[in-house]
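Thank you all for making time this morning.

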Amino acid sequence: MPIGFSTGSIAHGDFKTALQILQDQDIHAIELSALREDELHPLFLAINDLDLAKYNYVSVHAPSKRIQLAEKDLVNMLVAFAEKTWPIIVHPDIICEVDLWRILGNKLCIENMDKRKPCGRTMLDLKQIFNELPEAGFCLDVAHAKQVDPTMTECYLMIREFRDKLLQLHVSDVTTESNHIPLNEQAIAAYQKIVKYLPEDLPVILESPIPFSVTQKERIANEIALAGDIFQSHPSMSF
Amino acid sequence: MHLKEAKSIEKKIKENGLGEPSPAGAFGNTTLSHDLVHYIGGENDTNQNITRRVLLLLESEKIVFSSVQTDGTAYNRVVNGVLGQYVNHDSGLLRPNKETIPKFLFNDMVRFWRTMCVDFANKQKDQGGQKWAMRNVKLRMSRKLLFVKGMLMCFSQNKVHTAPVEIIADLREMVKLHPFELLLSKKEHFGLEDRDIIDLLTYYNQFLSALSDPEKRTHLTNLGLKDAFDDPLYKELKIVGDNFKKTLDQIFIYKKGKLSNLTLKYGIF
């Protein structure tokens, strides 16, 4: 499973700096983060100028909230990323007019949500969403799933039901306040319960926040190694 | 917020003329999921806690307050948490290549059934045999049926287990089912005969018909131990209960098959 990082976890709102920092790291997957609405336009403008040669897998994280952009305009901007064949990770609670989003086809990638959100938190929630957007793919956020159900049963059910739709994983841990934090023993133990059910070639995108510091490079490398230990050393099984 | 919701439920129950929860207080109050999940066995696992926890698995239903929360996420989390404790701390399930049932869960199901039986006798003692008949009929029919569901849940997991999450997911699917729905869904698995299932449904229907008649219900509720065995309605329902038990005995004990094997293997020692 190729390991990668979300740019937003490395340099908040600054994908260019994040890409520079990650250039020397042993990763071959990247998620370009435009989590905030004002981050999307700069990314949209830079789309053809980014040096992404080392990455076998590229995805984009769409804004988690709409503030100024109309839904139609947001989707139109995202089409440009879909044309690059990059999956576009979307939080289902920003989808109001379902029909608009169908244009993204199988590049639309729905992420399961944490407990703050009104939808998309469980397998049944997601089933309703995928019924309306059958072509969409699935980004499994294991930390969100663990927060919703610490036994990881809900996560297992999501994998069992939507394995064929899986396009990538989000990996980190999440606090009770729903803030992402780096991997820790408890999270690792939880994820080991479900790793064998995941497809072997599924890209793993780390969302562990590792902001700039003198030890940032080392901490990024450690996080990649931890993720590698969890996700790269288990043979996959089918249901 | 929880108190507000609890009061809202109480109000709805009264407005709809439904019977109020147990006067002994096992229900009709808020309870912490922490106690249900973490106090299984041991000194903190009170009669109330066992009752609430096991009935969560055997006959609970979620109430959704608003259109925002569509699938009872909190409910699922608690159910998964309870099942997780039973499964993750069952040493028998951790042994590789060994066919077994979730014994920790099974033992608690048995303990709950015996607790209901003992509590019935305790109430008889405390209340001098008053209002005995309704409690007796319910124990022999609806309470027993819940125990049947618990047994089926555990016995259906008799296999070599590879992963706790799979067991929890399977058990959780069964939590949603009415005991008869579970029985029917496991008919092929356990090799159950149509005749036995039809008989159980028939006897249970006779029980429900009596209880849904307001006059009969009131009569039974007020009937004490002293007068029960001479009462025509009670005698009729006693026969229904006897037949219900005989059919269950056949399925779980006397007829050769998976269920009787499992009862013999796990049901006593």
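Let me begin at one spot in chain A, where Ser178(A) touches Asp114(A), Lys115(A), Arg116(A) and Gln147(A), leaving aside residues up to four places away in sequence. Please keep in mind from the start that what we have here is a predicted model. Ser178(A) sits in the loop between strand S8 (173-174) and strand S9 (180-181) of chain A. Is this serine, Ser178(A), buried or exposed? With a relative accessible area of 5%, Ser178(A) is buried, because anything under 20% is counted that way.

Let me now step back to chain A as a whole. Its secondary structure comes to 10 helices and 10 strands. The radius of gyration of chain A is 17 Å, which is close to the 18 Å that the globule rule gives for 239 residues, so chain A is as compact as a globular protein of that length. If you follow the C-alpha trace of chain A along its principal axes, it spans about 40 × 40 × 30 Å. Of the 239 residues in chain A, 59% count as buried, and if we take the contacts in chain A between residues at least 6 apart in sequence, 76% of them join residues at least 24 apart.

Along the principal axes, the C-alpha atoms of chain B fill a box of roughly 55 × 55 × 40 Å. Of the 269 residues of chain B, 43% count as buried, while among its contacts between residues at least 6 apart in sequence, 70% join residues at least 24 apart. The accessible surface of chain B comes to about 14,800 Å², and 54% of that belongs to carbon and sulfur atoms. Chain B has 40 positive and 32 negative charges, whose mean positions are 2 Å apart.

On the chain A side, Arg121(A), Thr151(A) and Thr153(A) supply 26% of the area that chain A buries against chain B, more than any other three residues.

Most residues other than glycine have a negative phi. Thr85(A), however, has a positive phi of about 65° although it is not a glycine; this threonine is found in the loop between helix H4 (71-82) and strand S4 (88-90) of chain A, and it is exposed, with a relative accessible area of 54%. In chain B, Lys131(B) also has a positive phi, of about 55°, and it lies in the loop between helix H5 (103-126) and helix H6 (132-155). Lys131(B) is partly exposed, with a relative accessible area of 43%.

Gln216(A) belongs to helix H10 (residues 216-231) of chain A and counts as buried at 3% relative accessibility. Setting aside residues up to four places away in sequence, Gln216(A) touches Ile10(A), Ile21(A), Ile210(A) and Pro211(A). In chain B, Thr100(B) has its place in strand S1 (residues 99-100) and is buried, with a relative accessible area of 1%. Not counting residues up to four places away in sequence, the residues that Thr100(B) touches include Gly92(B), Gln157(B), His161(B) and Tyr266(B). By contrast, Leu223(B) is 123 residues from Thr100(B) along the chain, and their C-alpha atoms are separated by 44 Å.

Notes: Residues are numbered from 1 along each chain as its sequence is written. Chains are lettered from A and ligands numbered from 1 in the order in which they are written. This is a predicted model: local features need pLDDT of at least 70, side-chain atom pairs count only at pLDDT 80 or more; totals for chains, interfaces and linings use all residues. Side-chain values use heavy atoms; hydrogens and water are left out. Helices (H or I, at least four residues) and strands (E, at least two) are DSSP runs, numbered from the N terminus. The radius of gyration is taken over C-alpha atoms; the globule rule is 2.2 Å times the number of residues to the power 0.38. Buried means under 20% relative accessible area, exposed over 50%, partly exposed in between (1.4 Å probe, protein chains only). Contact means heavy atoms within 4.5 Å. Buried area is the accessible area (1.4 Å probe) that two parts lose on being put together, summed over both. Accessible areas come from the Shrake-Rupley method with a 1.4 Å probe; for residues, only the protein chains shown count as cover. Lys and Arg count as positive and Asp and Glu as negative; His and the chain ends are not counted. The place of a charge is taken as NZ of Lys, CZ of Arg, CG of Asp or CD of Glu.
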